[in-house]
Structure formats: structure tokens, C-alpha cells
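Hello,

Here is the structure I promised to pass on to you.

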There are 4 protein chains.
Amino acid sequence: MHRFGILGTGRIGQMHAGLVAQQPDATVSWCYDVDPVRAAATAEMVGARPAEHVDDVLADDSVDAVLIASPTNTHVELILRSAAAGKPILCEKPIDVDLAKVEQCRLALAIYDVPVQLGFNRRFDPSHRGVHDAVRAGQIGALELLIITSRDPGPPPPRAILEACGGLFRDTTIHDFDMARFVLEDEPVEVYAMASNLVDPVFAALNDVDTAVVVMRTASGALCHINNSRRTNYGYDQRVEAFGADGLVRSNNLRRSEVTRYDAGATAAREPLLHFFIERYRDAYEAEIRDFIDCLRTGRPPSVTFEDGRRALILAEAALQSVRENRAVTIQYDAAVAA
Amino acid sequence: MHRFGILGTGRIGQMHAGLVAQQPDATVSWCYDVDPVRAAATAEMVGARPAEHVDDVLADDSVDAVLIASPTNTHVELILRSAAAGKPILCEKPIDVDLAKVEQCRLALAIYDVPVQLGFNRRFDPSHRGVHDAVRAGQIGALELLIITSRDPGPPPPRAILEACGGLFRDTTIHDFDMARFVLEDEPVEVYAMASNLVDPVFAALNDVDTAVVVMRTASGALCHINNSRRTNYGYDQRVEAFGADGLVRSNNLRRSEVTRYDAGATAAREPLLHFFIERYRDAYEAEIRDFIDCLRTGRPPSVTFEDGRRALILAEAALQSVRENRAVTIQYDAAVAA
Amino acid sequence: MHRFGILGTGRIGQMHAGLVAQQPDATVSWCYDVDPVRAAATAEMVGARPAEHVDDVLADDSVDAVLIASPTNTHVELILRSAAAGKPILCEKPIDVDLAKVEQCRLALAIYDVPVQLGFNRRFDPSHRGVHDAVRAGQIGALELLIITSRDPGPPPPRAILEACGGLFRDTTIHDFDMARFVLEDEPVEVYAMASNLVDPVFAALNDVDTAVVVMRTASGALCHINNSRRTNYGYDQRVEAFGADGLVRSNNLRRSEVTRYDAGATAAREPLLHFFIERYRDAYEAEIRDFIDCLRTGRPPSVTFEDGRRALILAEAALQSVRENRAVTIQYDAAVAA
Amino acid sequence: MHRFGILGTGRIGQMHAGLVAQQPDATVSWCYDVDPVRAAATAEMVGARPAEHVDDVLADDSVDAVLIASPTNTHVELILRSAAAGKPILCEKPIDVDLAKVEQCRLALAIYDVPVQLGFNRRFDPSHRGVHDAVRAGQIGALELLIITSRDPGPPPPRAILEACGGLFRDTTIHDFDMARFVLEDEPVEVYAMASNLVDPVFAALNDVDTAVVVMRTASGALCHINNSRRTNYGYDQRVEAFGADGLVRSNNLRRSEVTRYDAGATAAREPLLHFFIERYRDAYEAEIRDFIDCLRTGRPPSVTFEDGRRALILAEAALQSVRENRAVTIQYDAAVAA
């Protein structure tokens with residue numbers, strides 16, 4: 001039985017706690033949150049103890065792992081404290097919105113022998129993973145074009161969340177950058193991005209954007225396109241299309257049921273897409289936890305690493321720079337190290 | 001250049017005339033109709049002469065073939081007169097709604113060496129034919145279940161047409177009986193039908209039905225289901241599904257375009273199906289004419305025969321009898337000959 | 001916390017036990033099976049006690065409900081013993097394959113005030129339920145045609161299971177009869193069935209059939225068709241199509257993911273359907289248990305009743321009689337009571 | 001009856017001639033080609049006279065219009081000679097691959113009062129037009145993202161054609177630039193393109209590319225993405241997706257039939273897409289000719305203008321410049337005029 005401490009019990013932390021508690025070989029021991037009421041509520045839901053301090057969790061030798069789902073700007077501190085306590089870590093993305101802090105974290109982590117798994121949950125979605133697996137199995141030959149559509153349902157998140165999230169590229173597109181790296185056969189080396197404010201004035205007010213298109217090139221010449229919006233009215237639009245010499249493989253959207261309707265106005269009509277990440281990626285989040293438990297159990301390294309988190313952030317930074325300077329930005333993953 | 005006489009220039013005769021005229025190797029010489037105004041209109045449309053009498057057409061040695069699209073109760077007479085004149089015949093379905101008349105026609109035709117092709121246009125639909133071809137190619141192994149959905153768009157045809165059409169089974173289901181015979185690997189030997197009046201009082205007033213389900217068995221034990229309605233509000237619903245030991249092949253409905261829409265109410269919504277047979281089977285009607293021209297050109301026998309028309313009618317009669325007697329009816333194609 | 005006793009821990013009992021154990025407000029107290037090794041295995045899996053005798057479960061006052069998933073021929077006895085012990089019952093379908101025993105059970109149950117829910121899991125499938133809900137909400141107007149496709153993946157079940165199952169109509173089609181009753185707006189009053197042996201000689205050897213088509217009529221004239229096969233090679237084919245005056249609503253098949261593939265051989269190709277009921281109806285089984293727990297919690301009557309189980313069996317018997325006598329069979333639900 | 005002269009009877013000229021000849025109100029009078037054998041073949045096919053010289057056509061007063069389908073580098077000359085002869089012009093795209101020549105042509109044309117329609121056939125495709133119409137009807141609210149997928153089937157065209165075509169952007173993407181302008185609500189003002197050589201060495205040998213991604217921004221901030229490849233193995237991949245505040249509308253690919261197949265390897269599999277433009281856009285080409293005939297008949301201006309051809313070429317040039325300089329290029333439609 002793997003005993004988890006949950007650090008951060010907002011919406012996504014609560015979901016993670018529930019999923020951990022459902023695993024036959026895992027249990028939640030502690031729930032911590034800056035808001036003790038929230039910590040207590042989740043703790044009660046999953047039969048765990050509420051923690052007053054993070055150290056209640058980290059100092060407990062019976063805790064086998066921590067799951068960090070606190071606000072992004074606390075990730076680095078919690079990662080390092082957990083690592084110092086020798087606890088394997090499953091941390092929500094992004095590591096941080098400040099690449100310099102991520103670099104410091106990376107250097108600091110080097111002295112600990114603690115597995116850190118980054119929460120790029122979409123890698124565990126059966127459909128997106130199906131695209132990845134088909135590409136790796138050579139079913140489409142060499143991958144030449146990768147098209148990622150990733151649009152959130154409206155309305156926009158509350159302003160407080162938007163202020164802290166680091167903006168569209170670091171908060172949302174970062175998932176797509178990771179998906180691109182997951183499916184592509186070699187690393188993106190060049191990024192160009194265009195962005196607009198079309199959805200809601202709050203984004204411009206925060207010096208953020210709400211609609212974007214990105215193109216990238218890998219060293220081998222494969223091309224990737226990502227498009228994002230902060231608002232659809234038909235649900236969470238999440239598609240990945242990989243095109244190659246021998247064919248095409250695509251992952252499409254999910255709905256709650258397989259009902260179609262025909263009437264005088266429309267035919268083959270279906271219900272809206274699953275609303276948002278909690279619904280669409282529920283199975284992916286569970287598979288992510290299963291994967292992490294498998295690391296705990298076998299000692300194998302995580303399948304999504306701190307370095308994956310860092311590289312996705314480097315791409316997000318490059319996209320931001322591209323928008324600012326209106327030019328393509330060359331990626332140097334190592335130069336970033338030196339920064 | 002194959003010169004056609006068109007006998008009957010109502011809606012479907014006019015369509016046939018137009019399609020013949022479009023063929024690079026065919027032309028319409030004469031158009032005949034009991035209504036001379038109608039004959040003249042179609043004749044002008046296709047650059048043909050209007051015929052005052054059927055014999056204007058049949059006595060013209062330069063006429064290579066006739067296309068009979070007159071009211072059903074005139075088919076037998078026109079078939080026999082055309083055959084006597086030595087003209088190859090493409091005749092709309094059904095041959096007649098009276099099986100006894102069909103038998104007489106069959107016997108009378110035996111003395112002429114004239115090709116007669118029956119207008120079961122659906123055999124030429126690329127999608128339904130695709131199902132037939134897949135079955136014949138062994139792609140689904142032995143055919144075990146055949147499911148035919150065939151529903152007309154509402155509102156019902158005018159009462160005068162309904163009165164003359166012979167009722168649902170002889171007018172509409174007859175197409176499905178022919179489709180069943182086209183796709184099945186052996187002949188239906190037993191038919192059971194249930195029918196209702198759900199759509200419009202006119203059907204009951206005419207002692208007809210408007211909604212029906214049919215099941216059939218072939219000698220080898222393959223089972224077939226047909227369902228019909230005289231009214232949909234989403235277009236012409238025409239599907240054929242063949243299921244066998246090694247898989248399933250299906251032909252689906254057609255629309256004018258490949259547009260899909262997503263909004264807050266529905267996703268993946270498409271436009272209504274093509275409205276009715278003129279739209280849905282336009283390509284099939286043209287392919288039917290091409291096939292007949294190919295018979296004229298090569299002298300090979302028609303691919304859809306008088307006997308096909310007779311057997312579909314025998315199945316329709318059996319369905320009627322099944323409804324009347326509420327029991328399964330055994331088919332004897334030869335006994336019918338004797339009748 | 002609702003404490004369950006599981007009676008019967010074969011494949012489906014084990015699945016039920018696991019689902020009960022996952023509910024936050026339910027737990028499995030006891031697992032009983034004629035095979036104590038099997039009982040012990042499931043008990044260990046869900047943290048319950050293995051029961052040596054059924055009475056270990058029924059005599060335990062702390063047990064709030066029983067879930068009967070034992071062989072069909074033990075259902076009636078276990079229902080009656082559980083009812084006598086005052087335990088609410090969730091019982092797998094069918095009640096029994098012998099209608100006379102079902103009648104006796106019904107009469108005997110009358111003296112107990114114990115809720116009995118029948119395990120027609122498909123009523124809880126989000127897609128089929130979506131069809132039901134759309135019909136009840138009037139979205140398609142009056143229901144005129146109901147088409148149910150229901151085909152099991154091959155190969156056939158082991159001979160021992162086939163011997164005990166009561167044959168295709170009582171074992172498999174019974175689900176479709178219940179689905180028909182669930183979606184139709186009034187009761188079927190007439191049944192006609194045709195059946196064949198096309199799949200595997202084992203069925204003929206057992207005097208059973210493996211492929212069937214059924215048609216039914218309700219009192220109001222709505223027509224229903226069911227088609228069954230004991231073997232597909234593409235997964236579990238489960239579709240329901242309701243057609244009415246104002247449109248059509250359909251529930252389609254499910255797959256593990258939303259991946260499509262395009263290559264030189266095929267486009268838009270998807271993976272096989274979910275394999276069988278355990279996979280396809282996993283969510284439905286869980287919703288069924290949730291619904292039963294809701295009955296326990298609120299005291300409301302079950303949404304799927306013993307009478308539903310009895311009526312579905314009456315339809316199955318009528319289908320069998322129809323095949324034997326090759327005629328339509330009129331249903332008399334009350335006459336069955338008298339039998 | 002509108003009498004056409006066809007200038008250029010290669011593959012596409014021959015197709016145009018055939019379509020003109022099929023119109024009930026149009027006929028082909030003359031066919032000209034540099035290769036007199038080719039001219040004669042097409043002339044015979046459509047019952048026209050073969051022209052030895054272009055002037056045979058232009059000097060014939062009975063000719064109502066010319067259709068220019070000759071090699072691209074002859075378009076400008078033929079446009080100007082036809083205009084001088086007072087003949088309305090339907091000219092295949094692109095006007096020329098040299099923007100300076102296009103400017104000269106534009107200035108020269110100003111003195112003639114002759115309608116010139118550019119052959120952007122895709123605007124007449126019922127599916128793409130359906131997207132345009134839905135956007136214009138406000139069905140998706142303000143258009144925010146436009147995603148165009150446009151990939152040709154392999155193998156690449158013959159080297160001689162590639163040499164003359166002006167490269168991927170001027171030859172192929174130009175259609176997508178026009179589609180973008182057709183669907184977008186305001187003009188693109190900025191273009192960025194990335195391109196690769198992944199398909200065939202012939203492209204690199206010609207200093208051309210074979211795979212590309214483009215992003216564009218309009219004045220109002222709408223964003224557009226185009227992706228191209230010179231080779232698919234599943235047919236001609238032509239999709240347009242318009243996303244806006246109130247929903248999404250998409251045009252999907254076409255196939256010859258609506259057949260789907262299910263077997264042990266795949267489900268819902270369909271046949272390859274229609275092979276290439278001749279098959280996919282057959283109806284569009286016909287609608288384009290109908291539209292041009294409507295201009296001839298009514299005197300209204302063409303719906304696709306010389307200026308449309310010029311602007312699409314300006315975008316193609318900008319994409320080329322973007323690739324060369326690896327930066328976004330600002331579009332100045334008027335500056336181009338001055339050039």
C-alpha cells in the first residue's frame with residue numbers, strides 16, 4: 001500500500017486525492033493546504049488526516065510519496081522540500097512560470113536521488129497516447145506534420161487564477177508543447193507564434209493573450225502547428241493529428257455518450273464535448289497516478305520527467321519571445337541550462 | 001449514338017430523358033406521354049420530337065431502345081408492344097402490381113428476343129453496390145444478417161399516386177426486396193411482415209400501411225430485416241448493412257456536402273440527408289442508363305432482369321399476405337409461374 | 001455506509017463486488033460462492049469475509065442488501081431466502097429460464113416487503129439511456145420504429161454455460177426485450193421471431209440457435225426489430241435506434257479511444273469495439289449499483305423491477321414459441337400470471 | 001447558347017471543355033493548344049473545331065468567352081489578347097508566378113471593359129462554400145481561428161510541371177491563400193511560413209519545398225493556419241475549419257461512396273479519399289463554369305476577380321519571403337500595386 005501526502009487541495013488536488021484513494025494499492029495519509037478548511041474537507045473525503053504544516057507530511061516516515069497540486073508559484077519550494085525529505089514527487093505542471101527558478105530547482109535537485117514526475121496528464125490519455133504509439137510503431141512512417149488543436153471551454157478562469165498562471169503559453173500551451181515533444185520524433189528547434197486578444201478584455205488587461213497559433217520545426221525538418229483559444233462554446237476541444245509518409249493518425253474529442261440525433265434541422269448531431277480537463281482527462285489522471293505508483297513499486301524512473309517540464313517551459317518562453325519580437329526563435333535547451 | 005424513345009415523361013421520365021441526353025453516346029429521339037403538353041416540354045428540354053402516339057416511337061426504325069417511365073399499370077402493355085417492335089427496353093419498377101399480369105407478360109415475352117432491363121436503380125448506387133461487391137468478394141465471409149433501412153421523406157405522395165401505386169410493399173418495399181436479393185447469397189424462401197398506420201390517415205383510407213418491418217430467411221439460413229416508413233423529417237434514409245462471419249459492411253446516407261457544425265447545442269451536426277430518390281440516386285440512375293447502353297452496345301444480357309422484377313414482386317405479395325394472415329409465408333418462385 | 005453481501009462470485013459477481021467496494025458509501029461485508037476458493041479470492045480483493053454458507057450472509061443483521069450473481073437456476077431460491085431474511089435484493093438477469101418458477105417466485109415474494117431490483121444493466125448505459133430520455137422528452141415525437149442491434153463477440157461461451165443459460169432468447173435477447181420495453185412508449189403485444197444456426201455447431205447440438213431476427217408490435221402500433229448474433233469479429237455490437245414523427249435518435253458503439261487512422265488501404269479507421277459486456281457496460285454496472293444504493297438510502301422503489309424481469313422473460317418465451325410454431329405470438333402478460 | 005473557346009487542352013483544359021459541353025446553355029466552339037494533336041482530340045470529344053492559332057478563336061465573333069487553361073507562363077499574354085478581342089475570360093490560377101508581370105497585366109487590363117474570372121475552383125466546392133456561408137451568416141459569431149489543411153496525393157507531379165509551377169506556395173498554397181481570403185472576414189496583413197523537404201528529393205533539387213506550415217493574422221486579429229504536403233497515401237486531403245465565438249464549422253473530405261467496414265483489424269473504416277482535384281472538385285469546377293455563364297448572361301461582375309488572383313499571389317510571395325528571411329512578413333496590397 002503506497003501512502004500519499006497531498007500538498008494542495010484546490011480543485012485539482014482534490015481530484016488527485018480522490019483518484020489516489022480509489023487505487024487498490026494506494027491510500028492518502030495526509031492532506032495539506034494553505035486553507036485548513038479546504039485541507040480538512042479533502043482529508044475527510046478520502047479518509048486522510050488534515051495537515052497543519054507541510055512538515056507534518058514530510059516528516060512522517062510512513063509517507064511514501066507526495067503529490068504537489070498547490071499554486072504554481074509554490075511548486076519549486078515544495079519540490080525541493082519534498083526532495084530533501086526523500087519523498088518521491090508527482091508534481092502538477094508547470095514547474096514554475098519563471099525559467100530561472102526552474103533552472104535553480106534543477107541544479108538543487110541534482111543532489112537528491114528522488115524521482116520527480118511531472119503532471120503532463122495528457123500523455124496518459126488513451127487517444128493521444130494512441131497517436132504516440134502509432135507513430136512510434138511506425139504506422140505512419142516518418143512523422144512530417146503534427147497538428148495540435150487545444151481550446152478551453154469558456155468563460156475564462158477567474159482573474160486571480162489568470163494573474164498567477166503565467167499567461168496562455170506557460171499555462172495552457174505548455175501542455176501542447178509537451179504533447180508535441182511526446183509525439184514528435186525529435187526535439188523542436190525553432191518556434192514562431194502569433195497571438196491575439198479576441199475572447200475577453202481580461203486577457204489584454206493582464207497583458208496576456210487568449211487566441212494563438214504556433215508553428216515549430218524539429219532538427220529533422222518535421223513541422224508542428226498548435227492552435228489555442230481560451231473559449232469554445234461546445235466543450236473542451238483537444239485533438240492531435242500526426243501525418244507522415246505512410247498515413248495519418250488522429251485523436252479526436254470525447255463526449256459523455258455515443259448518442260446521435262437526426263431531425264429537420266440537423267443530422268448526426270451529438271452532444272457537446274466533455275466540458276473541461278477534469279471530465280476529459282479523468283482516465284488520463286488516473287493512468288498518470290497508476291504510472292507513478294508503478295515507479296514507486298519498481299524503482300524505475302518516471303516516464304514524464306522534470307526535464308520534460310523544463311523543456312516544455314523553454315518552448316513556452318520561446319513562444320512568448322516570438323510574439324514579443326515577431327520573429328522565429330531558435331531553441332537552445334542547453335543554453336537555457338547555462339542561463 | 002444510341003437513340004432512345006422515352007415513354008412517359010412525368011417526374012421520373014423527365015429525369016431519365018435528361019440523363020440519357022447527357023450521355024456522349026446517347027440521344028433522345030422521341031418523347032411520348034398521355035399528356036402531350038408534358039411530352040412536348042421534355043422533348044424540348046432534350047432536343048427530341050414529341051410523339052403523339054406510342055407507335056410514332058415504336059415504328060421509327062432509327063429508335064434503338066425505349067425507356068418506359070409511364071404509370072405502373074401501363075408497363076405491361078408498353079413492354080409487350082415495345083418487344084413486338086423489337087426495341088430493347090429499360091422499364092421502371094414495378095413491372096405491375098398484379099402478379100397475374102406479370103406472369104402473362106413473362107410468358108408473352110418469351111417469344112421475343114428483346115432485352116428487358118428492370119429499373120432497380122439502387123443496385124447502381126455506389127454505396128449499396130459497394131456492400132454487394134464486398135459481400136461477393138468474401139470480405140465479410142458468409143453473409144448471416146442483412147439489415148435494410150429504407151424510409152421516405154414526408155409528406156406522403158399525393159392521394160392519386162398512392163391509389164395507383166399498389167401500396168407500400170409493391171411500391172416502396174419492392175426496392176428493398178430487390179436490394180435484399182441483390183446482396184444476399186441465396187434467395188429468400190420465407191417472409192414475415194408486420195405493418196402499421198402511424199404516419200397519415202390517407203394510408204388507412206386507402207387500405208394501405210405506412211410503417212412496416214419485414215423479416216426473411218434464405219434457404220441457407222441467412223436472415224434479412226427490412227424497415228420502412230413513409231415519412232422522415234430528416235431526408236431520405238437509405239442504409240444497407242451486411243453482417244457475416246468475418247465482419248460487417250454498411251452503406252450509409254448521403255448529404256449535399258461534408259459540412260459539420262459545433263455549437264452550444266450540438267456537435268458534429270450535419271445537414272439533412274439528400275431529400276429523396278431524385279437527389280440521392282441521381283448517380284445511380286445515370287449508372288443504370290450507362291449499364292443499359294452497355295447492353296445495347298455489346299449485346300450482353302441486362303444485369304437487372306424481368307425475372308428480378310417478378311421475384312421482387314413475389315416477395316412483396318408474400319409480405320402483403322403475411323400481414324393479412326399474420327403468419328410467415330413460404331415463397332415458391334416456380335409455383336408463382338404456374339399461377 | 002451500505003453493507004453488501006455478494007452471492008455468487010464468478011466473473012460477473014466479482015465485477016459487481018469490485019464496483020460496490022469502490023463506492024464511497026458502500027462496502028462488501030460477505031462474499032459467498034459454491035466454490036469456497038472463488039468466494040475467498042473475491043472476498044480478499046474487496047476486503048470482505050468469505051461466507052461458508054449463504055446463511056452466514058443472510059443471518060448477519062449488519063448486512064444491508066444482497067447482490068445475487070450466482071448461476072441463473074439458483075436465482076429464485078436465493079431471492080426468496082434473501083427476501084425472507086428481509087434483505088433488499090439486486091439480482092442479475094434473468095430471474096430464471098422457467099417462467100413457471102418465476103410465477104411461483106412472484107407469488108411468494110408478495111408476502112415480503114423487500115425491494116427487488118433486476119440487473120438489466122443496459123438501462124443504465126449513458127448512450128442507451130440517452131435514447132430513452134430523448135424519446136420520453138418528446139424529441140422524436142411519437143416513437144414508430146425501434147431497431148435494436150445486439151451481437152456478442154465470438155467465440156461462443158463454453159458449452160457448460162450455454163447448457164445452463166436457457167438459450168439465445170432467454171439469455172441474450174432478454175436484454176433486448178427489456179431494452180425494447182424501456183424505450184417503447186407502450187408494451188409489446190405481439191412477437192414474431194426467425195432464427196438460424198450459422199455460427200457454431202455447438203448451438204444446434206444444444207437445440208439452441210445463434211442468429212436471430214425478431215419483430216414486435218405494441219398496442220399503439222409501434223414496431224420494433226431486434227437482431228442478434230452470438231459472434232462478431234469486431235467487438236460487442238450494441239446499438240439502439242428510435243425513429244419517430246419528429247426525428248431519430250440512436251445510441252452507437254463504444255471503443256477504448258477516439259483514434260482514427262488513414263492509410264493507403266482505409267481512411268477514418270478505428271479500433272475494434274469494446275470487447276464485451278464487462279468492458280462496454282462497466283459504467284452502466286456502476287450506475288446500476290448507484291441506483292440500487294439510492295433505493296436503499298431513500299426507500300424509493302427500484303427503477304427496474306421483478307415485473308420487468310418477468311415481462312422480458314415472457315417476451316423471450318413468446319419468441320421461442322414463435323420460432324417453434326413459425327407464427328406470430330400474442331402476448332398476454334396477465335394470462336402468464338394465471339399459467 | 002454561350003459559345004466558348006478553350007485555350008489550352010492539357011488535363012485541366014480537357015476537363016473544362018467537357019464540363020462546358022455538358023451545360024445545356026453552353027457549347028465549345030474552338031479548342032486551341034500548342035500541341036495541335038491535343039487540341040484536335042479535345043475538339044473531337046466536345047464537338048468543337050480545333051484551332052491552329054489563338055487568333056482563330058479570338059477573331060471569331062461568334063465566340064462569347066474564352067477559358068484559359070494553358071501553361072501558367074502564357075496566362076498573362078492570353079488574358080491580354082483575349083481582353084483586346086473583347087472576350088470575357090475565365091482563367092485558371094495562378095495569373096502568373098511573377099508578381100511584376102501580374103502588375104503589368106493589371107494595369108494593361110484597366111483599359112478593357114472585359115470581365116475576368118479567376119479559376120479558384122475551391123470557392124465553388126459545396127462543402128468549403130458551406131463553411132463560408134455559415135461564417136457570413138453569423139453562425140459561428142466573429143471568426144477567430146481558421147485552419148486549412150491541404151495536402152496533395154503522391155507521387156509528386158512530373159519534374160517538368162514542377163519546374164514551371166512556381167513552387168509550392170505559388171502553385172498549391174495559393175489555393176489555400178485564396179480560401180483563407182474567401183472565408184476570413186478581413187484581409188490577412190501578416191504572414192509567417194516554415195517549410196521543409198521531406199517528401200521527395202526533386203523538390204530540393206528545384207530549390208522548392210514539399211511540406212509547409214503557414215500562419216497569418218488579419219487586421220482584426222483573426223488568426224489563420226495552413227498546412228501543406230505534396231504527398232499523402234490516402235487521397236486528396238482538403239479541409240477547412242472556421243472557429244469563432246459562437247461555434248465551429250468545418251468542411252471535411254470526400255469519398256466515392258458512403259461504405260464503412262468493420263472487421264477484426266479495424267472498425268468504421270472507409271475507402272481512400274477522392275484521389276485529386278479532378279475527382280474532388282468536379283462539382284466545384286462545374287459550379288465555377290455555371291457561375292461564369294451567369295456573369296455572361298446577366299452582365300454582373302465575376303465573383304472571383306483578377307484582384308483575388310493578384311492578392312493570393314501576394315500572399316504566396318510573402319510566404320516565400322518569410323521562409324527565405326525566417327521572419328513574419330507584413331502584407332501591403334497597395335504597395336504591391338506600386339511595385
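First, the ground rules. This is a predicted model, in which local features need pLDDT of at least 70 and side-chain atom pairs count only at pLDDT 80 or more, while totals for chains, interfaces and linings use all residues. Residues are numbered from 1 along each chain as its sequence is written, and chains are lettered from A and ligands numbered from 1 in the order in which they are written.

**Chain A by itself**

Chain A holds 13 helices and 14 strands; helices (H or I, at least four residues) and strands (E, at least two) are DSSP runs numbered from the N terminus. Its C-alpha atoms fill a box of roughly 55 × 55 × 45 Å along the principal axes. The radius of gyration of chain A is 20 Å, which agrees with the value near 20 Å for a compact globule of 339 residues. That radius is taken over C-alpha atoms, and the globule rule is 2.2 Å times the number of residues to the power 0.38.

Of the 339 residues in chain A, 57% are buried. Here a residue is buried if 20 or more other C-beta atoms lie within 10 Å of its own, exposed if 12 or fewer, and partly exposed in between, with C-beta atoms placed from the backbone. Among the contacts in chain A with a separation of 6 or more, 70% link residues 24 or more positions apart; a contact means that the C-beta atoms, placed from the backbone, lie within 7 Å.

Eleven residues of domain 1 of chain A touch eleven residues of domain 2 of chain A. On the domain 1 side, six of these are nonpolar, two polar and three charged. In this scheme Ala, Val, Leu, Ile, Met, Phe, Trp, Tyr, Cys and Pro count as nonpolar, Asp, Glu, Lys and Arg as charged, and the others, Gly among them, as polar.

**Chain A with chain D**

A rotation of 180° with 0.0 Å of shift along its axis superposes chain A on chain D, with an RMSD of 0.0 Å. The two copies are thus related as by a two-fold rotation axis. Which residue of chain A comes closest to the rotation axis? Arg327(A) does, with its C-alpha at 2.4 Å.

In this pair, 26 residues of chain A are in contact with 26 residues of chain D. β7 (143-153), β8 (188-196), β9 (211-218), β10 (223-232) and β12 of chain A each give at least two residues to the chain A side. That side has twelve nonpolar, ten polar and four charged residues.

**Chain A with chain C**

Here 24 residues of chain A meet 23 residues of chain C. α6 (126-136), β12 (247-251) and β13 (259-262) of chain A are the elements that give two or more residues to the chain A side, which has eight nonpolar, ten polar and six charged residues.

Strands also pair across this interface (pairing needs at least two DSSP bridges). β12(A) and β13 of chain C run antiparallel and are joined by four bridges, and Ser251(A) stands opposite Val259(C). An open sheet of eight strands with mixed pairing has the order β13(A)-β12(C)-β11(C)-β7(C)-β10(C)-β9(C)-β8(C)-β14(C). Its edge strands are β13 of chain A and β14 (329-330) of chain C.

In helix α6 of chain C, the buried residues include Val131(C), Ala134(C) and Val135(C). The buried residues of α6(C) pack against β13 of chain A as well as β7, α8, β11 and β12 of chain C.

**A strand in chain B**

Seven of the nine residues of β8 (188-196) in chain B are buried, so this strand is largely enclosed by the rest of the structure. β8(B) pairs antiparallel with β9(B) over eight bridges, where Ala193(B) stands opposite Val214(B). β8(B) also pairs antiparallel with β14(B) over two bridges, and there Val191(B) faces Val329(B).

Best wishes

Conventions. Contact = placed C-beta atoms within 7 Å. Least-squares fit on C-alpha atoms with pLDDT ≥ 70 in both.
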